[in-house]
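Open the model in the viewer and keep the selection panel at hand.

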Amino acid sequence: MLEKDGPPRELSGDWASTRGLAWAPDGSEVWFTATQTSGVGTALFAVDLRGTTRLVDRIAGRMVLHDISNDGTVLVDHPVTRMGVAFGRAGEERDFTLANASFMADLSHDGRMMLISEEGQLEGPTYGAYLRTTDGAPPVRLGDGHPLALSPDGKQVLVVRYGERMEFFLLPTGAGEPRPVSLAPVATVIAAHWFPDGKRLLLHASQEGRPARLWVFEPGAGAPRPLTAEGTGLKTAISPDGAWLAAVDASGSLRVFSATGDAQRVVPGAFPGQLVVGWDASGAALYLRSVSLPVQVSRVDVKTGTSVPHLTVPARGTLPGLVSVMTLAISADGNAYAYSYSEALSQLYLVEGFAKD
């Protein structure tokens with residue numbers, strides 16, 4: 001607290017998160033919304049000028065204080081954040097969200113299967129890996145963990161389980177048991193993609209305390225092999241024949257380089273603020289997306305750099321509270337796509353009757 005005379009004075013101790021601040025009408029207390037534990041909903045507190053803190057009210061979820069009127073009416077809102085998943089084909093979109101925190105991890109090349117991570121209260125800290133066919137059939141839970149990539153034949157999924165360290169498994173999509181895999185010396189995997197042969201994985205990953213880079217890993221055939229220099233881990237797509245990789249670098253150049261990491265070339269044109277989504281089935285073009293909303297997906301000719309608008313996400317217009325489109329995948333024929341999104345909605349309340357104990 002800042003006073004007319006004297007240095008600043010601390011009224012309350014440390015909090016994991018604080019939002020909202022207002023004086024009580026009589027000036028005897030400062031009210032605020034906060035939590036002492038990260039990940040737990042905020043509650044409404046008051047602290048007097050001697051530093052005594054009391055709980056005013058708590059609700060299920062988060063509460064944010066905006067103001068207090070002279071008559072003691074309190075203006076608060078109840079913010080609700082949510083991650084969802086959607087699938088689109090031929091201009092029509094369907095929401096495939098499982099609970100309140102669904103994340104699209106991968107889409108099969110034919111657009112018929114979607115890999116979903118459920119990260120909310122339904123699953124808890126272990127997360128859950130789900131496979132869902134895009135015809136609308138119920139999802140199938142494959143096991144614990146956050147899924148990273150679906151194999152081209154649809155028979156196995158690379159998942160990571162979080163704890164003191166990342167642990168990696170291959171989960172079968174049918175009968176069978178999870179198979180642990182060692183990715184040492186890799187410690188953290190940001191993203192993974194299967195090569196079309198279904199034998200190798202491209203990892204955007206890093207060693208402990210080191211910058212990210214691209215690696216190639218073949219389960220059962222030894223340790224991951226570095227493909228690029230440290231600090232060059234990019235959002236990358238693999239060509240249909242598995243021979244080429246493509247990524248937009250920090251300067252906005254669209255680069256195509258061999259899967260062995262040596263030969264490379266730059267596609268004509270500039271593509272700042274865009275990310276590679278995937279290759280088309282012919283290998284002659286790439287799909288690129290914008291980061292800003294609404295997301296614009298373009299088809300770019302690899303030889304000429306000619307860019308043609310392909311689709312807009314979300315196709316159903318601006319969703320209420322839409323914050324971002326996170327992951328986005330597109331089928332090889334360009335007719336189907338899936339994405340995960342985040343939205344933030346708030347319910348605003350005027351509350352009367354709060355009284356000091």
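Select Asp 280 in the loop between β24 (274-279) and β25 (285-290); strands here are DSSP runs of E with at least two residues, numbered from the N terminus. The model is predicted, so local features need pLDDT of at least 70 and side-chain atom pairs count only at pLDDT 80 or more, while totals for chains, interfaces and linings use all residues. Residues are numbered from 1 along each chain as its sequence is written, and side-chain values use heavy atoms, with hydrogens and water left out.

Asp 280 has a relative accessible area of 5% and is therefore buried (under 20% relative accessible area; exposed is over 50%, partly exposed in between, with a 1.4 Å probe and protein chains only). Show the backbone nitrogen of Ala 284: a polar atom of the Asp 280 side chain lies 3.3 Å from it. Next, display the contacts of Asp 280 (heavy atoms within 4.5 Å). Leaving aside neighbours within four places in sequence, these are Pro 240, Ala 285, Tyr 287, Arg 299 and Ala 332.

Move to Ser 117, in strand β9 (residues 113-118). Is Ser 117 buried or exposed? Its relative accessibility is 0%, so Ser 117 counts as buried. Its side chain makes a polar contact with the side chain of Glu 119 at 3.2 Å (a pair of N or O atoms within 3.5 Å; within protein, one must be able to donate a hydrogen and the other to accept it, and residues adjacent in sequence count only if both atoms are side-chain atoms). Beyond four places in sequence, the contacts of Ser 117 include Phe 103, Tyr 127, His 146 and Pro 147.

Now select β6 (residues 74-89) and follow its pairings (two strands pair if DSSP finds at least two bridges between them).

- β5 (residues 64-68) pairs with β6 in the antiparallel sense over four bridges, and Ile 68 has Val 74 as its bridge partner. Five residues lie between the strands of this hairpin, where Gly 72 takes a positive phi near 95 degrees.
- β7 (residues 92-95) is antiparallel to β6 over four bridges, with Phe 87 partnered by Arg 94. This hairpin has two residues between its strands, and Ala 90 in the turn has a positive phi of about 55 degrees.
- β29 (residues 336-351) pairs with β6 over 16 bridges, again antiparallel. Thr 81 has Ala 344 as its bridge partner.

Select β1 to β4 next. These four strands form an open antiparallel sheet in the order β1-β2-β3-β4. β1 (17-23) and β4 (53-57) are at the edges with a single partner strand each, so one side of each has no neighbour in the sheet. Inside the sheet, β2 (residues 29-35) and β3 (residues 43-48) pair over six bridges; Thr 33 stands opposite Leu 44.

Centre on Leu 158: outside four places in sequence, its contacts include Phe 168, Val 181, Ala 192, Leu 201 and Leu 203.
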